[in-house]
Amino acid sequence: MRIVLSMIGSRLIQLVVMVLVLSFVTFLLMKITPGDPIRAILKVDDVITTTAEEEKLREEYGFDQPILIQYSRWLLGIVQFDLGESLIANKPVLDMIMGRLPASIALATGGLVVLFLISVPLGVLGAVYEGRWPDYISRWFALVGASIPRFWLGLLLIYFFSLKLNLLPVMGNGTLAHFILPSITLGVAMAPLYIRLLRERLISTLQSSYIEAAKARGLRKERILIFHALRGSLVPLITMFGLSIGSLLGGITVIEILFSWPGMGELIVQGVMQRDYPVIQGYILIVGFLVVITNLIVDLLYLVINPQIKQGKEVV
Amino acid sequence: MEVTVIKKARLLHNPSMVFGMILTIFLAGIIFVGGAFVPYSPFEINMGNRLQGASSVHWFGTDQLGRDVFARMVYGAQLTIGLGVFAIVMALCIGVPIGLLSGYIGGKIDAFFMRMIDGVLAFPDFILAIAIAGMLGPSLTNLIIAIVLVRWIVYARVVRGLVLAEKEKEYVLVSKVSYSSTFKTIRMHLLPQVMPDIIVMAAIDIGKVILLISAFSYIGLGAQPPIPEWGAMLNDGRAYFQVVPSLMIYPGLAIMLTVLCCNLLGDGLKSYFDIRKGRDYL
Amino acid sequence: MREPVISIQNLLIESSIGQKTILNKVNLEVAKGEIVGLIGESGSGKSITARVLLGLLPSGMNVRGQIFFQNENLLTMSAKEHRKLLGKEIGVIFQDYRGSFTPFIKIGKQMAETIRTHHVVSKKEAKNISLQVLEEMGLDSKRVYSSYPFQLSGGQVQRAAIAIALALKPSLLICDEVTTALDVMSGEKVLDYIDHIRKETGCAVLMITHDLMQAYKRTDHIYVMHQGKIVEEGDPEQIRCYHQHPYTKKLCSCLLSLPGENNLVVNERVNSI
């Protein structure tokens, strides 16, 4: 129990540090950039304004205050779960992001399923047939997969499956069919890293003495592979997942734009284009939160997978 | 002499390296002499000549504004690859010296600094770039600034880690004890040790940066039209893919080959350095 | 007459890279109820001999000769047939007790898994058999059964490894340096158990060791291996007092140069009983 508490504690500290540093940097950048959010709003509203009106708006949004005051106001808001209001939509940022979150999580889940379905078989094939042709297939898949731009992969999939073969809808969401292409794109784009990692880990696990001992007990090859070797090799994959949850959230953005998927990615890209600062800052905060929470879950998963940690022992 | 011969032979015996070199030569050819074959400007609009297929005049056809796709591809190669290399070189120039110094001198400031960095680095490139580009405003220049701002931290951290491991080894201690200057110790002993890892990282990162730039341009936060960056070209021609698929095929293929080239070179160099350092090559 | 359980005839192993001879014309026999020692320094080829019997040779090895196990040639049978013998007819205990069990699976589960691989029995029966053999090894059977390997001491894990190797009453038990990683007390205990099991079930034991003293005390017959060759064989008395090969001589003289050790080990043994 003490371990669990200390895990939660250290992750919370990480969250606070991350949020403080990042939000301060973004505030600073906002202050020193030549662009002006008020002008951006006015441009959107497409009205001709006077300097006086501009000043009035500036005051209304608090942009005339010194940066430290603005910053501490924002921080005070966060503590009360208030991320401010969008400059463009005039809606609370938190509501906007929360409205988008389920779609993004759904897509991420779909991508993870595809990722698992691709990377485990290819990683296993590569390790079991090391140096033979299934290994070459697995390695080339990983290499090409790491080189292909994910939005282009999505475009190709749309082109073949939707336009040429007419099998799946192009864009939008709602049905399972809408779900397939974005999930495949995301899964394939993430797979190379996991294939390589699983392959390398599995190769070294298969040479370990406990696998030899299992063979000497006459266990079937498949059984040794699945129950003895694979399970031990999955631990680094889970670590990897914790580390790459951030890049998953980033990578999902492009795919959401490509497939017009109504997730957080679409929101943030709009926010950036319209220079809607509260939305951008809110987004960073939420992503940071998700990253930390995922890593905490990964920490806790270790306890389940590797019983040694529960005993407070060092992991070999 | 014999030893060097064996090493050289190994560098070219590595299939990744060979493929990577072939691609590099091919891409370098396009960047440096490709322009000679293009009589058109990549920006010249000719509405009377829109969406043409490939012909002896327009090798890759023309786009929705009648611009020569081949000319745009060649210009795009110079731009995309040039920017990728530029961003990484800039990040290296800032990150490596700071990492070397920070690791070599150490102390509390170093430790505090690194903790902050660890917190920030839990964030992926993409989100940080979005944050910075979002604050500075979407443009290709701001995107490059964002990339350099994020990347130098990564290099500083890696180099610092390598230095910390290397610093305790005897030859560095000897150099320190023999009253060599800090600068000389770093330059003579530490830099050569960390270079191989940095070169491998940089090769792979150029590919990553090119992917990032093209993705940003595709979603409209990077290069803006009419700049013929490959990702921006894909964004530009989105509406016409069904009619002229080649508008989609060429830029995407170009990005893929370029990044593949970087990954192959990175892999090849890694196993080359691993063998040379006598590490086990997995 | 002696009835060989395993008979290695003219075994020749070469690595295909570099054409290095690893085993050269090895002849070796272990009869029912016998403990045979295979001694030699590390790298002499004794572990490779064990690995051939288990079909665990690394790839890139050329193997010639015959290995008869209960009158069937192990080298010509299919991998599947060979696998079916392992764990059931041929049990093995390794030097590295930490590597005997998969670290994140409970010992009991691994034992039951082995039993169910070779016999069609219910989970409950498999558990009962496992508990029984653990009990016979002098272990707190219930606790060991539901423990992870890292929760037990080295000696306990090694005894559990013996239990799993003996659970299916094999006709041949291969012990590869079983005491090296244990302290003297636990090592002696383990050897006593092996001796006891041999008497009880009449299985043949091939004891691979570099410890000459141990071989003298525990075996009925000794093979001395040097650089992939059997350089000398005979009963312990013969090897000790009437050895001929210079390598054996060297081994024995090493032993004699440490006069204290002999008494010490004997004392240890007395204490442990």
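In these legends, a residue is called buried when its relative accessible area is under 20%, exposed when that area is over 50%, and partly exposed in between (1.4 Å probe, protein chains only). The model is predicted, so that local features need pLDDT of at least 70 and side-chain atom pairs count only at pLDDT 80 or more, whereas totals for chains, interfaces and linings use all residues. Residues are numbered from 1 along each chain as its sequence is written, chains are lettered from A and ligands numbered from 1 in the order in which they are written, and side-chain values use heavy atoms, with hydrogens and water left out.

**View 1. Chains A and B are built from helices, with zero strands in chain A and zero strands in chain B.** Chain A has 13 helices, where helices (H or I, at least four residues) and strands (E, at least two) are DSSP runs numbered from the N terminus. Read along its sequence, chain A follows the pattern α-α-α-α-α-α-α-α-α-α-α-α-α, and 53% of its 316 residues count as buried. Chain B has 10 helices, its elements running α-α-α-α-α-α-α-α-α-α from the N terminus on, and buried residues make up 51% of its 282 residues. Within chain B, B:Leu92 has its place in helix α3 (residues 69–105) and is buried, with a relative accessible area of 18%. B:Leu92 and B:Phe112 are 20 residues apart in sequence, and their C-alpha atoms are 22 Å apart in space.

**View 2. The rings of A:Trp140 and B:Phe19 form an edge-to-face aromatic pair.** Rings of Phe, Tyr and Trp (its six-membered ring) pair if their centres lie within 6.5 Å, and planes under 30 degrees apart count as stacked, over 60 as edge-to-face and the rest as tilted. By this rule the count comes to seven aromatic pairs over all chains. In the pair of A:Trp140 and B:Phe19, the ring centres are 5.7 Å apart and there is an angle of 90° between the planes. A:Trp140 lies in helix α6 (residues 133–147) of chain A and B:Phe19 in helix α2 (residues 15–33) of chain B, so the pair joins two chains. A:Trp140 counts as partly exposed at 35% relative accessibility, and B:Phe19 is also partly exposed, with a relative accessible area of 43%. In the pair of B:Tyr272 and B:Phe273, the ring centres are 5.4 Å apart and the planes stand at 50°, so this pair is tilted; B:Tyr272 and B:Phe273 are both buried.

**View 3. A:Glu266 and A:Arg100 form a salt bridge within chain A.** A salt bridge is here a side-chain nitrogen of Lys or Arg within 4 Å of a carboxyl oxygen of Asp or Glu. Side chains of opposite charge can pair when their charged atoms come close. The structure holds 17 salt bridges over all chains. Between A:Glu266 and A:Arg100, the closest N and O atoms are 3.1 Å apart. Because A:Glu266 lies in helix α11 (residues 264–273) and A:Arg100 in helix α5 (residues 93–128), the pair ties together parts of chain A that are 166 residues apart in sequence. A:Arg100 is buried, with a relative accessible area of 18%.

**View 4. B:Asp267 and A:Arg196 meet in a salt bridge.** The distance from N to O between these side chains is 3.3 Å. B:Asp267 lies in helix α10 (residues 246–276) of chain B and A:Arg196 in helix α8 (residues 176–206) of chain A, so the pair joins two chains. B:Asp267 is buried, with a relative accessible area of 19%, whereas A:Arg196 is partly exposed, with a relative accessible area of 38%.

**View 5. C:Glu188, C:Asp192, C:Lys217 and C:Arg218 are linked in a network of salt bridges.** One of the pairs in chain C joins the side chains of C:Glu188 and C:Lys217, at 3.8 Å from N to O. This pair links distant parts of the chain, with C:Glu188 in helix α7 and C:Lys217 in helix α8 (residues 212–218), 29 residues apart. C:Glu188 is buried, with a relative accessible area of 8%, whereas C:Lys217 counts as partly exposed at 27% relative accessibility.

View 6. C:Gln70 has its place in the loop between β4 (61–69) and β5 (72–73) of chain C and counts as partly exposed at 37% relative accessibility. C:Glu177 lies in the loop between β7 (172–176) and α7 (184–201) of chain C and is buried, with a relative accessible area of 7%.
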